[in-house]
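Hi,

Here is the structure I promised to pass on. Have a look at it first, and then read my notes below.

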Amino acid sequence: MPVDRDARLQEWERRAQPYLFIASTLFLTSYSVRVLDPGLSPAWYVLWETVTVVSWSVFVAEYLARLVFSRDRWHFVRTRWLDLIVTVLPLLRPLRMIDLHERMQLRRDAPGLGLEARVMTYSGLAAALLGYAASLAVYHVESSAPDANIHTFGDAVWWACSTLTTTGYGDATPVTARGRVVAVGLMFVGVALVGAVVGSFSSYLMRSFRREGER
């Protein structure tokens, strides 16, 4: 029955969270090791590459399972489009934290201090993780590219920070097609994440000033 399907879907999502967290950690760790340690022996490289593939397979299996349990599969795909994106591109998994900001917007009438603090925390964490993932991806493709000006991981981190904050100094810029695709994605996401943090903090300040004025 439909109710049973919805209940099974919710139960599956609840039970899968710890395993997804472990898989996400393993995926980011294995990708980091392969990118940041060029001196890996072939055996260790294959091992970490296997960890990357297996953890990615967990994301795919979890998404397909939720799709099977859903009552209306087309509706699931349309409304859970972010889940599909982060399954295909697992380095974008921190984007799922943006859902917290959407839930906050739907609960504006609730006492906001704790919720706003959580939004700022999770949005900030998502920005940091996404910036780190983008740094890895850009360093991976740019470090060996001709005419590249991102030669070290530190250069990539500096570029990610200036891009996330929409500062754009221009001293470090991707020159490859893949690097520029990552940059475009980070620009759009940076605006959303930084906007969530700034908006929540501004809302908290306005509420605090309003309470002070009413005393």
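Before anything else, a word on "buried", since I use it throughout: a residue is buried when its relative accessible area is under 20%, exposed when that value is over 50%, and partly exposed in between (1.4 Å probe, protein chains only). Two housekeeping points follow. This is a predicted model, in which local features need pLDDT of at least 70 and side-chain atom pairs count only at pLDDT 80 or more, while totals for chains, interfaces and linings use all residues. Residues are numbered from 1 along each chain as its sequence is written, and side-chain values use heavy atoms, with hydrogens and water left out.

The overall picture

The protein has eight helices and zero strands, so the pattern along the sequence reads α-α-α-α-α-α-α-α; here helices (H or I, at least four residues) and strands (E, at least two) are DSSP runs, numbered from the N terminus. Of its 215 residues, 33% count as buried. The accessible surface comes to about 13,100 Å², and 66% of that belongs to carbon and sulfur atoms. Those areas come from the Shrake-Rupley method with a 1.4 Å probe, and for residues only the protein chains shown count as cover. As for contacts (heavy atoms within 4.5 Å), take those in the protein with a separation of 6 or more: 62% of them are between residues 24 or more positions apart.

Helix H2

Start with Ser-55, which is found in helix H2 (residues 42–69). Ser-55 counts as buried because its relative accessibility is 3%. What does Ser-55 touch, leaving aside its neighbours within four places in sequence? It is in contact with Ala-23, Leu-26 and Phe-27.

Ala-65 also has its place in helix H2. With 16% relative accessibility, Ala-65 counts as buried.

The salt bridges

The structure holds three salt bridges, a salt bridge being a side-chain nitrogen of Lys or Arg within 4 Å of a carboxyl oxygen of Asp or Glu.

One of them joins Glu-62 and Arg-66, with the closest N and O atoms 2.7 Å apart. Both residues lie in helix H2, four residues apart, which is about one turn of the helix. As a general point, an α-helix has 3.6 residues a turn, so residues three or four places apart point the same way. Are these two partners buried or exposed? Glu-62 counts as buried at 6% relative accessibility, and Arg-66 counts as buried at 2%.

Arg-66 also forms a salt bridge with Asp-83, at 2.9 Å from N to O. Arg-66 lies in helix H2 and Asp-83 in helix H4, so this pair ties together parts that are 17 residues apart in sequence. Asp-83 is another buried residue, at 5% relative accessibility.

Then there is Asp-83 with Arg-80, whose side chains meet in a salt bridge at 3.7 Å, N to O. Arg-80 is partly exposed, with a relative accessible area of 27%. Through shared partners, the salt bridges join Glu-62, Arg-66, Arg-80 and Asp-83 into one network.

Helix H4

Which residues of helix H4 (residues 81–88) are buried? They are Leu-82, Asp-83, Val-86 and Thr-87. These residues sit on the same side of H4, because they cover an arc of only 135 degrees around the axis; the arc is that of the directions from the helix axis to the C-beta atoms.

There is also a nonpolar surface patch of about 460 Å², made by Trp-81, Leu-84, Ile-85, Val-88 and Leu-89. Patches are made of residues with over 30% relative accessible area and no salt bridge, where like charges are joined within 9 Å and nonpolar side chains (Val, Leu, Ile, Met, Phe, Trp, Tyr) within 5 Å. One of the patch residues, Ile-85, has its place in helix H4. Ile-85 is partly exposed, with a relative accessible area of 34%.

Cheers
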